[in-house]
Amino acid sequence: MFRGLALGSGGFVVALIAAIGIFLLLQALPSLQANQVSFLTSGEWTTGDPNDMRFGILYLLWVTVATAAFALVLAMPVALGIALFLTQYAPRALARVFAYIIDLLAAVPSIIFGLWGLQVLGPALVPTAEWLNTNLGWFPLFSDGNVSIRGGGTIFTAGIVLAVMILPIITAITREIFERTPKDQIEGALALGATRWEVIRTTVLPFGRAGYVSGSMLGLGRALGETVALYLILSGASGRAPELSLFDGDATIASKIANDAAEFNNEISAGAYIAAGLVLFVLTFVVNALARWITTSRTGK
Amino acid sequence: MAKRIDVKDLNIYYGKFHAVENVTLSVPPRSVTAFIGPSGCGKSTVLRSLNRMHEVIPGARVDGSVLLDGADIYGAGVDPVEVRRTIGMVFQRPNPFPTMSIRDNVVAGLRLAGTKNRQQLDEVCERSLRGANLWEEVKDRLNKPGGGLSGGQQQRLCIARAIAVQPDVLLMDEPCSALDPISTLAIEDLITELKQDFTIVIVTHNMQQAARVSDQTAFFNLHGVGQPGRLVEIDETSRIFSNPSQRATEDYISGRFG
Ligand SMILES: Nc1ncnc2c1ncn2[C@@H]1O[C@H](COP(=O)(O)OP(=O)(O)O)[C@@H](O)[C@H]1O
Ligand SMILES: [Mg+2]
């Protein structure tokens with residue numbers, strides 16, 4: 001009975017996902033055929049005239065992947081630190097309060113994060129960003145980008161906001177897996193004369209690694225798809241190609257679609273955006289599948 | 001190496017619960033002492049207080065003293081981590097580190113103590129595995145994970161891991177209770193060999209085992225639910241099993257032995 005139900009709903013979800021994918025593909029095909037440039041290798045985006053479509057995913061993909069990756073690089077160590085602190089060091093009562101606060105972060109609507117990034121964090125980060133650009137500009141990621149650093153609407157700002165947004169999910173998953181480290185493992189290490197940190201290194205981290213990585217992948221999946229916050233934060237089109245710097249701006253796939261949705265005045269133009277959406281769909285799907293695969297292949301024996 | 005233990009007026013608590021009352025006993029070096037008694041009488045609790053494993057449980061504490069060759073392991077300024085380095089422990093359920101190879105499991109304690117020399121680690125690995133009667137069985141797969149061994153082999157791996165750091169004392173909490181009879185015999189033989197180098201304290205619910213491996217036996221008992229456990233008597237094993245001085249001991253042994 002339950003089996004049937006589970007199989008049925010599982011099958012339904014798979015069918016639904018496939019249907020969405022096929023829908024996107026069908027909508028995008030005419031536009032892709034009308035495209036005058038290569039969709040995968042161009043970064044141009046002019047879709048106003050159905051008879052002269054020029055659109056490529058490259059620049060959007062760069063901003064999407066760069067913001068998400070930057071967010072992940074920032075959030076992963078912080079989440080690990082918080083999860084270790086909460087499960088291994090903090091007294092129980094404190095840990096509970098702290099964990100609750102982190103979970104509250106997950107309940108903040110993204111539009112609020114967007115406003116914060118736009119009005120507060122973006123301007124506040126300008127001095128840091130300028131310092132990095134002036135002093136470490138030789139490093140490609142800190143070199144001049146395609147938008148003004150002073151404007152704050154950069155991958156740099158967006159990535160930091162995204163990092164805060166994905167912190168709760170990574171922390172929660174990591175904390176949960178760390179808590180389940182078998183007690184006999186921990187005692188085994190203690191009995192060998194391991195300090196608290198050595199216990200963590202010999203038992204908690206090896207046991208929790210797969211969960212941590214898959215939690216991070218889920219966070220990455222979220223970051224890739226985040227729309228509203230980035231729509232507010234990132235500066236609108238500069239028209240210039242990105243410099244592969246954290247101080248590039250423009251838009252991610254999702255924020256681009258949100259930004260231009262009002263201008264979908266014909267099927268062919270809309271199809272270009274749908275093609276972009278399809279790329280995002282595949283990207284997040286792969287990342288999430290990877291996360292699941294890591295979890296099941298490492299813990300589900 | 002092997003050191004003697006003197007426990008004086010030991011009282012052990014879990015928060016408000018008084019688990020064990022007024023235990024006084026001595027364990028001579030290079031001998032095997034068995035703890036027997038009904039479930040819940042505090043055998044594990046006493047054993048765990050001998051290397052300060054007890055205090056990792058929140059709220060747990062002890063009163064009294066445990067002297068290792070005269071030095072109080074609960075003395076001011078004594079680091080419990082150091083205590084556990086010199087007093088090793090083997091648990092009821094074999095608990096090798098599952099992600100580590102057999103070799104890394106054996107030398108884990110040495111690594112923690114800072115030994116990096118590869119040759120030295122290899123020597124200790126072989127010596128400890130031989131000491132645990134496991135070398136012949138695993139010498140060709142030292143780089144395979146320890147989790148792939150049988151239960152009895154895993155337990156001997158844990159013994160190898162414990163003796164690799166050359167502890168002064170080896171504590172064992174029902175080390176055979178999860179094992180089949182053949183593995184149990186292998187471990188009992190091993191215990192008899194190990195006592196030439198180590199002071200051993202073993203908790204067992206199997207009285208034949210206590211009779212077979214130990215030199216002296218301590219009988220613990222409970223006087224009622226919610227009451228602390230007590231040490232009823234400790235004496236030479238042959239005396240405890242043939243002619244104990246306490247009635248309670250005799251009842252317990254004849255009730256289970258006959
Ligand atoms: N972690 C713990 N927290 C609270 N009470 C405990 C804990 N471990 C054991 N006890 C209690 O201490 C008493 C002695 O337990 P234990 O030493 O495990 O007995 P034994 O090993 O002789 O079976 C029992 O009443 C048990 O419920
Ligand atoms: Mg016990």
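Here is a short chat about how two chains meet and what surrounds a ligand in a predicted model.

Modeller: Quick ground rules: residues count from 1 along each chain as its sequence is written, chains are lettered from A and ligands numbered from 1 in the order in which they are written. Since this is a predicted model, local features need pLDDT of at least 70 and side-chain atom pairs count only at pLDDT 80 or more, while totals for chains, interfaces and linings use all residues, and side-chain values use heavy atoms, with hydrogens and water left out.

Biologist: What area is buried between chain A and chain B?

Modeller: Buried area is the accessible area (1.4 Å probe) that two parts lose on being put together, summed over both. Carbon and sulfur atoms give 62% of it here, and the total is about 1,600 Å².

Biologist: Which residue of chain A meets B:Arg85 in a salt bridge?

Modeller: A salt bridge puts a side-chain nitrogen of Lys or Arg within 4 Å of a carboxyl oxygen of Asp or Glu. There are three salt bridges between chain A and chain B. In this one, N to O is 3.5 Å, and the partner of B:Arg85 is A:Glu198.

Biologist: Okay, on to the ligand: which residue has a side-chain N or O atom 2.4 Å from an oxygen atom of ligand 1?

Modeller: A polar contact is a pair of N or O atoms within 3.5 Å; within protein, one must be able to donate a hydrogen and the other to accept it, and residues adjacent in sequence count only if both atoms are side-chain atoms. B:Tyr14 has a polar side-chain atom 3.3 Å from a nitrogen atom of the ligand, and B:Cys41 has a polar backbone atom 3.3 Å from an oxygen atom of it. The residue at 2.4 Å is B:Thr45.

Biologist: How much of ligand 1's accessible area does the protein cover?

Modeller: Accessible areas come from the Shrake-Rupley method with a 1.4 Å probe, and for residues, only the protein chains shown count as cover. On its own, ligand 1 has 560 Å², and the protein covers 62%.
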